[in-house]
Amino acid sequence: MAYEDFHPAVRGWFEATFEAPTPIQLDGWRSIGARQDTLIAAPTGSGKTLAAFLAAIDDLTWQAQQGELPDGVQIVYVSPLRALSNDIERNLQAPLHGIMERLGADGSAGQIRVGLRTGDTPASQRAKMTRRPPQILVSTPESLYILLGSDGGRNMLRTARTVIVDEIHAVAPGRRGAHLALTLERLDALVGGDLTRVGLSATQKPLELVARYLVGTRRADPVVVDIGHVRDLDLQVEVTGSPLSAVMSAEHMDEVYDRLADLVMAHTTTLIFTNTRREAERVTSNLESRIGEGKVASHHGALSRDRRFAAEQALKEGQLRAIVATASLELGIDVGGVDLVCQIGSVKAIGTLLQRVGRSGHHLGGTPRGRVFPLTLDELVEAAALLDSIRREELDRLALEVAPVDILAQHIVAAAGNEEWSEEELFTMIRGATNYGELERAQ
């Protein structure tokens, strides 16, 4: 479906909010609207999320106008992070509210609703969601797996028509990727095989492998909307006055904190990444002593949902000068306009550094700005290699975990608990997941 064919309420909201669609949005809407599996590869800040969602929301809008919008999940959004799931759920409210206002202020049209199901979701909200399912469900791979293992969750998911896997590069590698691949196959079987799959990422290589991971072994290749991962970057390595050695001294760290404080005060908002939660708390404490209490906050997975959300909102509203985070803010969480990203230590991967630096200048035409602080001589070599790779437009190669049997056993037990399968059907479904495509019957 082309953009020109969208419902007038959808086009009206979009045109009142944005200057014009981006190329990836136009191409993505066309293939997703035609119910084709689609993989979108584009830099951070290029409009990937709306490229994935708006065609599906348009379908819901037509249903609402015709009074045929039932309770029941039609769009499943899968995020690798709980915090990113929370962010997507919040950010969907604005377009849905604007579209529904244009559709019928008198309330005659049905309301498109969004539900959030993650490890943070209170039991009362989970029960309410089961009784009256939303049309859009935002979840994580683990929570989606749990939903498929319950009667209430399966009834809620049975009406799904589209599944969106965001930041697919972050979930596909390793054992977590194998787990999600089997979950997608079970979801596909639940809805009768008519599930449109959409994948999104800024940093994925090789594209052919990610595309095959998205759709599995039994489907045709997806449509690939690819405008690359390259953006103009302002990226530099920061080295303080003291020479680096094999171990970082306390005196040298004080110089790093002093330089960080100078950078934070020279910018309106700064996002600082560390590699551990303990380090995030240490950097936060040292920065607060330099720029003032209440001006810096930590953000990591050990904190409660309320504390993470409060830090995100405080930075967005200008109450904080900086947030010190681990991978909890690495992906596309909206914390407002970030001017500068600082990375403490080495990140070991090209894609990770690009994702983190891409949190700044996170808008069309924006230029991400990043500063990398190596803490040892080894990290200085790694930082130089990372920057050189980025300038040569390289990416790390993604690798899939091949047929981990413990994850396979976990899914077989879960599937056998409340689903009807013959042995042949179960074996065929399992081999539909790319990670298990070469699985032998004897295994």
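**Close-up views of a predicted model**

**View 1. A salt bridge joins the side chains of Asp234 and Arg369, at 2.9 Å from N to O.** The term salt bridge stands for a side-chain nitrogen of Lys or Arg within 4 Å of a carboxyl oxygen of Asp or Glu. The pair connects distant parts of the chain, since Asp234 belongs to strand E8 and Arg369 to strand E13 (residues 369-373), 135 residues apart; helices (H or I, at least four residues) and strands (E, at least two) are DSSP runs, numbered from the N terminus. Asp234 is partly exposed because its relative accessible area is 22%, and Arg369 likewise counts as partly exposed, at 26% relative accessibility, where buried means under 20% relative accessible area, exposed over 50%, and partly exposed in between (1.4 Å probe, protein chains only). The model shown is predicted, so that local features need pLDDT of at least 70 and side-chain atom pairs count only at pLDDT 80 or more, whereas totals for chains, interfaces and linings use all residues. Residues are numbered from 1 along each chain as its sequence is written, and side-chain values use heavy atoms, with hydrogens and water left out.

**View 2. Six strands, in the order E8-E13-E12-E9-E11-E10, form an open sheet with parallel pairing.** Strand E8 (234-237) and strand E10 (296-299) are the edge strands, each of which pairs on one side only; two strands pair if DSSP finds at least two bridges between them. From one strand to the next, the twist averages 20 degrees. Within the sheet, strand E9 (residues 270-273) and strand E11 (residues 322-325) run parallel and are joined by 4 bridges, and Ile272 has Val324 of E11 as its bridge partner.

**View 3. Helix H12 (residues 277-291) lies across E9, E10, E11 and strand E12 (340-344).** The helix runs at about 175 degrees to E10, with axes taken as lines fitted to C-alpha atoms, for helices over the stretch in contact (heavy atoms within 4.5 Å), and with angles running from 0 to 180 degrees between N-to-C directions. Arg290 forms a salt bridge with Asp254, and the closest N and O atoms of this pair are 3.5 Å apart. Because Arg290 lies in helix H12 and Asp254 in helix H11 (residues 250-266), the pair ties together parts that are 36 residues apart in sequence. Arg290 is partly exposed, with a relative accessible area of 29%, and Asp254 is partly exposed as well, with 36%.

**View 4. Gly72 sits in the loop between helix H3 (48-65) and strand E2 (75-78).** With a relative accessibility of 7%, Gly72 counts as buried. When residues up to four places away in sequence are not counted, Gly72 touches Pro133, Pro134, Gln135 and Thr159. Between Gly72 and Val324, the separation is 252 residues in sequence and 39 Å in space, C-alpha to C-alpha.

**View 5. Glu424 and Arg441 meet through their side chains in a salt bridge (2.9 Å, N to O).** This pair links distant parts of the chain, with Glu424 in helix H17 (residues 423-431) and Arg441 in the segment after H17, 17 residues apart. Glu424 is partly exposed at a relative accessible area of 44%, and Arg441 counts as partly exposed at 42% relative accessibility. Elsewhere, salt bridges that share partners join Asp37, Glu185, Asp188, Arg197, Arg218 and Arg219 into one network, and a search of the whole structure finds 26 salt bridges.
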